[in-house]
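Could you walk me through this structure, step by step? I have it open in a viewer and would like to know what to select next and what I will find there.

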Amino acid sequence: MTGIRFSLVPILAGSLWGQYLMYVGTYTGPDSNGIYAYRFDARTGDVKPLGLAAETKNPSFLAIHPNRKFLYAVGESSGAGAWGGSVSAFALNRATGKLTFLNSASSGGKGPCHLVVDKTGRNVVVANYGSGATAVLPVKPDGRLGEPSSTIQHTGSSVDRARQEGPHAHSANLSPDNRFAFVADLGLDKILVYKFDATKGTIAPNTPPFATVAPGSGPRHFAFHPSGKFAYVINEMGNTVTAFSYDAAGGVLTSLQTISTLPQGFSGKSYCAEVVVHPSGKFLYGSNRGHNSIAVFAIDPAKGTLTAIEQTPTGGKWPRNFHIDPTGAYLFAANEQSNDIFLFRIDPATGKLTPTGKKLEVGKPVCIKFMPVK
């Protein structure tokens with residue numbers, strides 16, 4: 001594994017933001033051995049590779065504990081059987097970026113692909129793609145994980161019999177007030193909504209229990225607007241984003257709009273992956289695997305609806321994941337099949353992306369997470 005150090009002109013002059021650790025989860029194999037760490041300085045735009053933070057198998061999605069002492073990673077092919085699943089806990093060294101393995105626990109299903117730590121730090125909520133189940137794992141005071149305290153098996157199917165023959169939970173997210181869990185299920189064309197009890201570590205179906213997208217859309221990842229009034233799901237199979245209004249009191253999503261992530265006239269194969277709302281709340285970004293681009297949208301601050309701005313090539317192949325740094329100045333696009341991460345500047349006025357021409361070489365990158373070190 002190699003990394004490239006580079007310096008960029010910061011677009012936030014006089015920024016008081018400090019340094020961040022950046023962790024990259026990967027699919028392991030000949031080009032990768034686990035989770036890699038970098039140090040990102042938002043004041044200068046410098047990125048410094050710190051090397052392999054932890055050797056672990058297929059850490060395809062990561063989550064950092066609110067106390068910044070622990071990191072959790074799914075293991076898609078860990079455990080019994082090809083689709084068995086586990087979640088691993090690591091102690092995090094903020095000085096070096098290194099991770100120390102603590103323990104692993106069952107993910108409560110098969111093929112875990114996404115997880116989130118609740119805002120109290122007491123639980124990890126996991127989405128299991130292979131079996132279509134959502135589980136809650138308790139976090140012990142020392143950061144170790146317990147076995148699932150609550151598990152719900154999704155049921156049903158949708159119109160595409162090849163990919164939607166059964167449930168496929170693809171992401172787990174929590175409401176800003178930590179009262180509800182939202183699980184996008186690709187196999188059901190639903191965003192399942194659960195009442196979440198952080199004290200007991202349990203989930204239970206909300207009323208209503210889900211929101212829907214168009215049949216065959218395949219909802220994948222989900223993001224809230226900073227205002228808490230809107231939410232967005234990116235639909236992998238439909239190559240679209242669906243915007244929702246959000247009633248925080250009842251945990252209710254109401255569909256507002258569905259818009260394509262691809263340019264008019266594109267006829268090739270492509271599949272959406274990640275969706276991120278800019279920290280300013282002014283823009284939304286989504287990745288296109290196949291078209292190999294980041295779709296950029298403006299967000300109407302009053303309505304929450306989207307207007308397409310552009311599709312920017314990611315510089316590599318198959319952008320499974322990307323992330324915006326906490327200052328909102330840069331977008332890091334992770335290209336799984338070309339083994340690289342390209343860096344883009346974000347125009348704070350228009351949301352448009354400008355490639356810097358700089359990249360990090362990372363084997364099969366599939367998740368990026370930032371954490372302030374101070």
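Here is a tour in several stops, each with something to select and something to look for.

**Stop 1: colour by confidence**

Keep in mind that this is a predicted model. Start by colouring the chain by pLDDT, which averages 93 for the protein. Of the residues, 93% score at least 70. Now select residues 1-16, where the pLDDT is below 50. In the model, this stretch has 47 contacts beyond near neighbours in sequence. Then move to residues 78-82, where pLDDT also stays under 50. For residues 78-82 the model has six contacts beyond four places in sequence. Please read both places with caution.

**Stop 2: the largest nonpolar core**

As background, nonpolar side chains tend to be buried together in soluble globular proteins. To see this model's largest nonpolar core, select Tyr23, Leu71, Tyr72, Leu99, Leu115, Val124 and Leu145, the residues with the most contacts inside it. The core has 33 residues in total. Which strand gives the most to this core? Select residues 70-75 to find out: this is strand S5, and its contribution is five residues.

**Stop 3**

Zoom in on leucine 115 and show what is around it. Not counting residues up to four places away in sequence, leucine 115 touches Phe61, Leu62, Ala63, Tyr72, Ala73, Val74, Val87, Val124, Val125 and Val126.

Next, select leucine 99, which is found in strand S7 (residues 99-110). Is leucine 99 buried or exposed? At 9% relative accessibility, leucine 99 counts as buried. Leaving aside neighbours within four places in sequence, the contacts of leucine 99 are Tyr23, Ile35, Ala53, Ala54, Leu71, Phe90, Ala91 and Leu92.

Then go to serine 88, in strand S6 (residues 84-92). Serine 88 also counts as buried, with a relative accessibility of 9%. Setting aside residues up to four places away in sequence, serine 88 touches Thr56, Leu71, Tyr72, Ala73, Phe101, Asn103, Ser104 and Leu145.

**Stop 4: an open sheet**

Switch to a cartoon view and find the open sheet of four strands, ordered S24-S25-S26-S27 with antiparallel pairing. Which strands are at the edges? They are strand S24 (319-324) and S27, each of which pairs on one side only. On average, neighbouring strands of this sheet are turned by 25 degrees against each other, direction ignored.

Inside the sheet, select strand S25 (residues 330-335) and strand S26 (residues 340-346): they run antiparallel and are joined by six bridges. For one example, click on alanine 333, whose bridge partner in S26 is phenylalanine 342.

**Stop 5: backbone details**

Look at the step from threonine 207 to proline 208, where the peptide bond is cis, with omega near -5 degrees. Proline 208 lies in strand S15 (residues 202-212).

Now select asparagine 178, which has a positive phi of about 70 degrees although it is not a glycine. Asparagine 178 sits in the loop between strand S12 (169-174) and strand S13 (180-185). With a relative accessible area of 9%, asparagine 178 is buried.

Lysine 364 is not a glycine either, yet has a positive phi of about 50 degrees. Look for lysine 364 in the loop between strand S27 (353-361) and strand S28 (365-372). Lysine 364 counts as partly exposed, at 26% relative accessibility.

**Stop 6: the cysteines**

How many disulfides are there? The count comes to zero. Select cysteine 113, which is in no disulfide: the nearest cysteine sulfur, that of cysteine 367, is 11 Å away. Cysteine 113 counts as buried, at 8% relative accessibility.

Finish with cysteine 272, which is buried with a relative accessible area of 0%.

Note on methods: Residues numbered from 1 in each chain as written. Predicted model: local features only at pLDDT ≥ 70, side-chain atom pairs only at ≥ 80, totals over all residues. Heavy atoms only, no water. Helix = DSSP H or I, 4+ residues; strand = E, 2+ residues; numbered from the N terminus. Buried < 20%, exposed > 50% of the residue type's maximum accessible area, 1.4 Å probe, protein only. pLDDT = per-residue confidence, 0-100. Contact = heavy atoms within 4.5 Å. Pairing = 2+ DSSP bridges. Axes fitted to C-alpha atoms, helices over the stretch in contact; angles between N-to-C directions. Core = buried A, V, L, I, M, F, W, Y, C linked by side-chain atoms within 4.5 Å. Disulfide = S-S within 2.5 Å.
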